[in-house]
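Colleague: I would like to know what stands behind the labels here. Take me through them one at a time.

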Amino acid sequence: MTDSSARGECKVIEFGEQCRKKARSQPVHKSFRKNARKANIRFAPGEPTYICDLHFEMVDRAMKSKQAFLSKKDTPIPKVDFSKLPVSSLRKYIQKNKIPNPKTTDALIQAVETHFTTQRVSELESILKFANAVHKDTKTSSRT
């Protein structure tokens, strides 16, 4: 039987500080910690690793969404109509991403579309970076 004083606080490091929420009663398994690290969730040193319900659910949801994504290989990828964007925007995209500059407008649209569709984005990583940016912005705004 493990009491709450033995398990203490969550071991997740968030925004440079350790989470202060009460940890779950069971330590997380090594494979779970490995999956959490893939989702850019970091832990304070020490064994065993206990985490709070919030962070457990975050990792669990990320892994379930990854499994669901991998099982839906025949799902059509949403398509963006780049022909509706101004040519100046497409040229900026080409310059920023260091893509060879095509001669015609049709080739420009095709080059941007090809590059854009090959990009892979981690949803969880994007959400965490966004939350971190908002957190930093909130700290900066409160000082002024």
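Colleague: By class, what makes up the lining of the second largest pocket?

Modeller: This is a predicted model, where local features need pLDDT of at least 70, side-chain atom pairs count only at pLDDT 80 or more, and totals for chains, interfaces and linings use all residues. Residues are numbered from 1 along each chain as its sequence is written, and side-chain values use heavy atoms, with hydrogens and water left out. Now the lining: seven nonpolar, four polar and four charged residues. Nonpolar covers Ala, Val, Leu, Ile, Met, Phe, Trp, Tyr, Cys and Pro; charged covers Asp, Glu, Lys and Arg; the others, Gly among them, are polar.

Colleague: What counts as a lining residue, and which lie closest to the centre of the second largest pocket?

Modeller: On a 1 Å grid over the protein atoms alone, a pocket is an open set of points with protein on both sides within 12 Å along at least five of seven lines, and lining residues have an atom within 4 Å of a point. About 330 Å³ of space lies in this second largest pocket. It has 15 lining residues, and the closest to its centre are Ile13, Glu14, Phe15, Asn40 and Leu128.

Colleague: Which element gives the most to that lining?

Modeller: Helix α6, with five residues. β1 (12-14), α3 (53-71) and α6 (123-143) each supply at least two. Helices (H or I, at least four residues) and strands (E, at least two) are DSSP runs, numbered from the N terminus.

Colleague: What makes β1 and β2 a pair?

Modeller: Two strands pair if DSSP finds at least two bridges between them. β1 and β2 have two, in the antiparallel sense. Glutamate 14 has glutamate 17 in β2 as its bridge partner. The open sheet has three strands in the order β2-β1-β3, with antiparallel pairing. β2 (17-18) and β3 (42-43) are its edges: each has a single partner strand, so one side of each lacks a neighbour in the sheet.

Colleague: Why is the contact of arginine 24 and aspartate 53 called a salt bridge?

Modeller: The rule asks for a side-chain nitrogen of Lys or Arg within 4 Å of a carboxyl oxygen of Asp or Glu. Here N to O is 3.0 Å, so the contact qualifies. Arginine 24 sits in the loop between β2 and α2 (30-38) and aspartate 53 in α3, so the bridge ties together parts 29 residues apart in sequence. The structure holds two salt bridges. Glutamate 125 and lysine 129 form the other, at 3.1 Å. Both lie in α6, four residues apart, about one turn of the helix.

Colleague: How do you know whether glutamate 125 and lysine 129 are buried, partly exposed or exposed?

Modeller: Buried means under 20% relative accessible area, exposed over 50%, partly exposed in between (1.4 Å probe, protein chains only). Glutamate 125 is at 30%, so it is partly exposed. Lysine 129 is at 55%, so it is exposed. Alanine 36, in helix α2, is at 0% and therefore buried.

Colleague: Why is the pair of phenylalanine 82 and phenylalanine 116 called edge-to-face?

Modeller: Rings of Phe, Tyr and Trp (its six-membered ring) pair if their centres lie within 6.5 Å; planes under 30 degrees apart are stacked, over 60 edge-to-face, the rest tilted. These centres are 5.2 Å apart and the planes stand at 75 degrees, so the pair is edge-to-face. Phenylalanine 82 lies in the loop between α3 and α4 (87-96), phenylalanine 116 in helix α5 (residues 105-118), 34 residues apart. Phenylalanine 82 is buried at 6%, whereas phenylalanine 116 is partly exposed at 38%.

Terms used
On a 1 Å grid over the protein atoms alone, a cavity is a set of points where a 1.4 Å probe fits but cannot get out, and a pocket is an open set with protein on both sides within 12 Å along at least five of seven lines; lining residues have an atom within 4 Å of a point. Grid points are joined across faces, edges and corners, and a volume is the space filled by probe spheres set on the points.
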